[in-house]
Amino acid sequence: MTTLKIQVGDPEEEFGSSITYETPNIPNKKDIAGSDLPKKLQKFHREKYPSDKNFESLDEPEQLRILNEVLDKRKNGHWFMNNGEETYITGIHWFYLNFWKIDIGLPDYRRSDRDYFYFWDYCCKDEFCLGMVNMENRRQGKTERANCILYEYTSINANSHSGIQSKTDADAKKVFLKLVRTWKRMPYWLKPIDEGDSQPKSALRFFEPGLRSTKGKRKEYGVSLDSWIDYEAAKEESYDGEKLKRYVSDESGKTTISDVSERWNIVKECFVTGRKVIGKALFTTTVEEMEKKGGKNFKTIWDNSDLKLRDDNGFTRSGLYRYFKPAYYCLEGFIDEYGNPMLEEAITFLTNKRNGADGKGLASEKRKYPFKVEDAFGIVYGSFWEQDVKDILDIVKAEVIKNPPNITYNILFERDGEIIATPTKSNESSVIILEPPLPDVEYKVGLDSISTDNQTGDESGSELACVVMKSFAGIERTSYEPVCVFSLRPDRMETAYEIVSCIIKYYGKYENVKVLGENNAGATNLLNYLINRGLKRFMQKKPKDVGASNLKTNTVSDKYWIYRDNNVLEFQKGLSNRFLRRFGANFKMLKLIESLQNLGVKNADLGDAFLMAIMFFTDFDKVNVKTRELKTTLIIIGYDNYGKAIYKEV
């Protein structure tokens, strides 16, 4: 007996979303559906099962035979010949193709769905896995497949609770009602006992229907699963304390009401009892706008679901495994009659669409129809960076994701005149530190201020940002590197001001720090705050000969900080391209790298702070060669006819 070993996902894809799926043993040819047909006629065919009315007319042995056959397929899967190829589909996939009526009827067999259900089966059988993160292009049936996974398990397993969350409360309800719609279309003879509600509003419950007791008689109960599927609000704590066997987080990358990463940290406790994994979760999404916090939070889950990166207990950092499907793999309209992808035609079609777009349009096209993971999470660069610098940023970002540096998230506070850095969990107000302050190292701080906080503006406004760069004194140039970043859209301005003050004091421990900010809206308030906190000695006066504007705002910031007009911006553009070309490989702060990628396209507050920090390094690419004056020595090489010495310089 032999099995098939099938690669699911791209094995060369460095983001860790590839597995090898091993099928059950290949049956004898006669037991494989379609083996008696000519090769061209071999394809997936649905089983023909009786209608409810016809099923009722069958005798009990025949009814039991049909039920046992369906349950066997759901448990063990199905083999069929497909254009001469022995093909296995999992039990849930078989159930999906035969009974899961979507808006256009029963779905067709597609090899991409085969791989999807292979990956899910792999996750279900792995004792070190809490579930699957699925990302693919739009309109591929992600929600319907997810609902099928919920229903198929819950409808045949006792005492099982399955749940749904989505990007909003209303969207979770829509997902649930889609499930109810399909359940209503199921053959009656296939459904487990339920409470009898023909249109469940919030939960589909496989419980014994409520019975009124008759005086003097006891209630009689039938056999029910006592299992149910419900949906909850999008907030983090909705399923806190529950025990879940299956869970779907639909459109995870578009969730902005709550942080899906923090939500998962709460929900995943519903799937474990001590060491034992008792349930499985499914995250599904297309990633649309990564500048919104929904995409960023989903990316945290994605990054933490790399199959190659595991803790000492054998789990990935999220507990999940991630699966990415390229848009060209079984793209609608490019699938042959056997359900196989027409890859070349699909790639050409999508490439032609990309060639007709640019800027944000190209970004949107790539996210909707990604060829690779980077497309879904990718950045469309503006004109700020030169092409080789873009490549450097991409390479450095991939390396940081693959081999994360040892950074810490910290709360900074002052005690007895000393700044204390206390590690904490990652959050919006934490200071990210790669390296603490060291003696004999110069630190340059760049600031980008703001004019409003959440009390005076909206929550989507700019963030106050701070970047700390280090460099050794003297002629050593290879150590230029960001060592600390911080950005925050604060509820109160003073909150962010005080954190920046603590950062400057922290890196000014050895009196070797200088601070330069952008003289934009709100800069005067920040500068005055820092001066009042005793930090005037660290403030850098406005540099000369850097294209600095002579614009006067009649404030203290005129003396110290730079107003960025077009001349200054062009100077920074040239300087930063040369700088990153030389030292970009030193960058290990992912948050800063991503902000630099966004420069010129969208809000990039950390990137703007970086541009101020490197104004201290305007001479980094100048040759530093010390010349010494040559001394001449005169030696006598002879005498003339009058006896006078003849000299030569050496």
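## Terms and basis

On a 1 Å grid laid over the protein atoms alone, a cavity is a set of points where a 1.4 Å probe fits but cannot get out, a pocket is an open set with protein on both sides within 12 Å along at least five of seven lines, and lining residues have an atom within 4 Å of a point. This is a predicted model, in which local features need pLDDT of at least 70 and side-chain atom pairs count only at pLDDT 80 or more, while totals for chains, interfaces and linings use all residues. Residues are numbered from 1 along each chain as its sequence is written, and side-chain values use heavy atoms, with hydrogens and water left out.

## The second largest cavity

The structure holds 2 cavities of 30 Å³ or more, where a volume is the space filled by probe spheres set on the grid points, which are joined across faces, edges and corners. The second largest cavity, with a volume of about 40 Å³, is lined by Ser 112, Asp 113, Tyr 116, Glu 136, Gln 140, Arg 145, Tyr 323 and Lys 325.

Helix α4 (residues 111–125) gives the most to this lining, with 3 residues; helices here are DSSP runs of H or I with at least four residues, numbered from the N terminus. By class, the lining has 2 nonpolar, 2 polar and 4 charged residues, where Ala, Val, Leu, Ile, Met, Phe, Trp, Tyr, Cys and Pro count as nonpolar, Asp, Glu, Lys and Arg as charged, and the others, Gly among them, as polar.

## The second largest pocket

The second largest pocket has a volume of about 870 Å³, and of its 29 lining residues, the closest to its centre are Arg 139, Gln 140, Gly 141, Lys 142 and Glu 144. Its lining divides into 18 charged, 6 nonpolar and 5 polar residues, with α5 (142–154) and α6 (169–185) each supplying at least two, and α6 giving the most, with 5 residues.
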